[in-house]
Amino acid sequence: MCGFLTPLTSAQDPADFEVMVIANDLTHPWSLVELPEQPLNFLVTERDGGFKLVSELGFIDEIPLELPGLFVTGQAGLFAVSLAPDFESSRELYFSYACGVANANTTCVARGTLSRTRPLKVSDVKQIYVAQSLREGGAHYGGRMVWLPDDTLVLTLGDGFDYREEAQNLQNHFGKIVRMTRDGEPAADNPFPHKAGGYIYSYGHRNSQGLVYDSEADNLWQHEHGPRGGDELNRIQPGKNYGWPIASYGIDYTGALVTPYEELPGVAMPEYQWTPSLAPADMVLYRGSEFPEWQGALLVTHLAGKRMQVLKQSANGWEVVHEIKLAEQQRLRAVTGASDGAIYLLTDSPQGQLLRLSRAEN
């Protein structure tokens, strides 16, 4: 069931790394989370609505999941799964997904409870949040989630692609990051309590695909896709405007300017930007033991760039200190650092894989 792939890297000898295939035949897997139990098991979402338990030995169990109004097309579908902060006692899961129909859809969040015994099932599924407003098409939904220490849930939202100007409009949730309670209500101290239901935490985003909270430094890190160029890594602060589409390092897919401005007064500048675009897909703050030299680094997976980058902060800001590609040149979607110290990756494909990256044994 398991096999090995050959890693290529521009920063270290490929012999330093070992990449094992844990599982195959995952259908466009989108997110990956470790369950806090032994043996090592992961929950994996698939964009078409599939939900699976994958063991460290590669055994796959289907978990039935019915999400209210799930909409699947293009980039739309099931996105992330997140464990509630008290998951070990509550067994609560949170799902982000596209909901609605082709001419009226958006990003939603549902909550459910995972059973304690096999076969696993999700019960009491309830939709708790629906992003304002509805759109046509099937692109740019965001969908990453993270918990803050005050037990509030932060969710990224895309600009809907054809609705990019709305990312600057505080009367809707296009191109926003929102923050809510466990019941889906707006957090009481959000910065715009009288705008768009009070949910907005930050705005001016294009399509946020990575989100990490650093508890040691109390920083919320996010990355988002630019158009052609201008993918961004941002430190998210409440109430800030992150510029899209009035300020960007990227240009439109036609080659035309989206905006003549890379910087503007009142716009928070990215901490790092990728030009040309690599399409960053996910991100994790590494705290594992397998690669001590990466402690505190951000691991960023890329779709178009087909690589994982290791970013560390220095006196001069963020820099890429390592970069790993696979010989098979696969699009890398999700990443997590597991309790065994290794790094686990999901490839984005109709036959997606769960991979384990570890230090090679000499």
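What pLDDT does the chain average, and what percentage of the residues score at least 70?

**View 1. Confidence along the predicted chain.** This is a predicted model. The chain averages a pLDDT of 95, and 96% of the residues score at least 70. Confidence is lowest in strand β2 (residues 7-9), with a mean of 62. It is highest in strand β15 (residues 200-203), at 99. Where pLDDT is low, predicted coordinates should not be read in detail.

**View 2. The open sheet β8-β9-β10-β11.** Here 4 strands form an open sheet, in the order β8-β9-β10-β11. The pairing is antiparallel. β8 (78-83) and β11 (122-130) stand at the edges. Each has a single partner strand, so one side of each is left without a neighbour in the sheet. Neighbouring strands of this sheet are turned by 25° against each other on average, direction ignored.

**View 3. Strand β13 between β12 and β14.** β13 (153-156) pairs with β12 over 3 bridges, in the antiparallel sense. Which residues face Leu-153 on its two sides? Trp-147 stands opposite Leu-153. In β14, the bridge partner of Leu-153 is Met-180. In a regular strand the side chains alternate between the two faces of the sheet. In β13, Leu-153 and Leu-155 point one way, and Val-154 and Thr-156 point the other way. All four of these side chains are buried.

**View 4. The β12-β13 hairpin turn.** β12 and β13 form a hairpin with 5 residues between them. Asp-151 lies in the loop between the two strands. Its phi is near 70°, a positive value in a residue other than glycine. Most residues other than glycine have a negative phi. Is Asp-151 buried or partly exposed? At 30% relative accessibility, Asp-151 counts as partly exposed, because buried means under 20%. Asp-151 also belongs to a network of salt bridges that links it with Asp-86, Glu-92 and Arg-182.

**View 5. The salt bridge from Asp-150 to Arg-179.** The side chains of Asp-150 and Arg-179 meet in a salt bridge, at 2.6 Å from N to O. The pair links distant parts of the chain, 29 residues apart. Asp-150 sits in the loop between β12 (145-147) and β13, and Arg-179 in strand β14 (residues 176-180). Asp-150 is partly exposed, with a relative accessible area of 43%. Arg-179 counts as buried, at 4% relative accessibility.

View 6. Arg-164 and Asp-252 meet through their side chains at 3.3 Å, N to O. This pair also links distant parts of the chain, 88 residues apart. Arg-164 is in the loop between β13 and β14. Asp-252 is in the loop between β18 (231-235) and β19 (272-274). Asp-252 is buried, with a relative accessible area of 18%. In the other salt bridge, between Glu-46 and Lys-52, the closest N and O atoms are 3.1 Å apart. Glu-46 and Lys-52 are both buried.

View 7. Most peptide bonds are trans. A cis peptide bond joins Gln-38 and Pro-39, with omega about -5°. Pro-39 is placed in the loop between β4 (29-34) and β5 (41-46). Thr-275 and Pro-276 are also joined by a cis peptide bond, with omega about 0°. Pro-276 is found in the loop between β19 and β20 (280-285). Phe-161 has a positive phi, near 65°. Phe-161 lies in the loop between β13 and β14 and is partly exposed, at 39% relative accessibility.

**View 8. The largest cavity.** The count comes to 4 cavities of 30 Å³ or more. The largest has a volume of about 50 Å³. Which residues line the largest cavity? Among them are Arg-206, Glu-224, His-225, Glu-232, Tyr-242 and Trp-244. The lining also includes Gly-226, Pro-227, Gly-230, Ala-247 and Ser-248.

Key: Residues numbered from 1 in each chain as written. Predicted model: local features only at pLDDT ≥ 70, side-chain atom pairs only at ≥ 80, totals over all residues. Heavy atoms only, no water. Pairing = 2+ DSSP bridges. Axes fitted to C-alpha atoms, helices over the stretch in contact; angles between N-to-C directions. Salt bridge = Lys/Arg side-chain N within 4 Å of Asp/Glu carboxyl O. Buried < 20%, exposed > 50% of the residue type's maximum accessible area, 1.4 Å probe, protein only. pLDDT = per-residue confidence, 0-100. 1 Å grid on protein atoms, 1.4 Å probe; cavity = no way out; pocket = protein on both sides within 12 Å on 5 of 7 lines; lining within 4 Å. Points joined across faces, edges and corners; volume = space filled by probe spheres on them.
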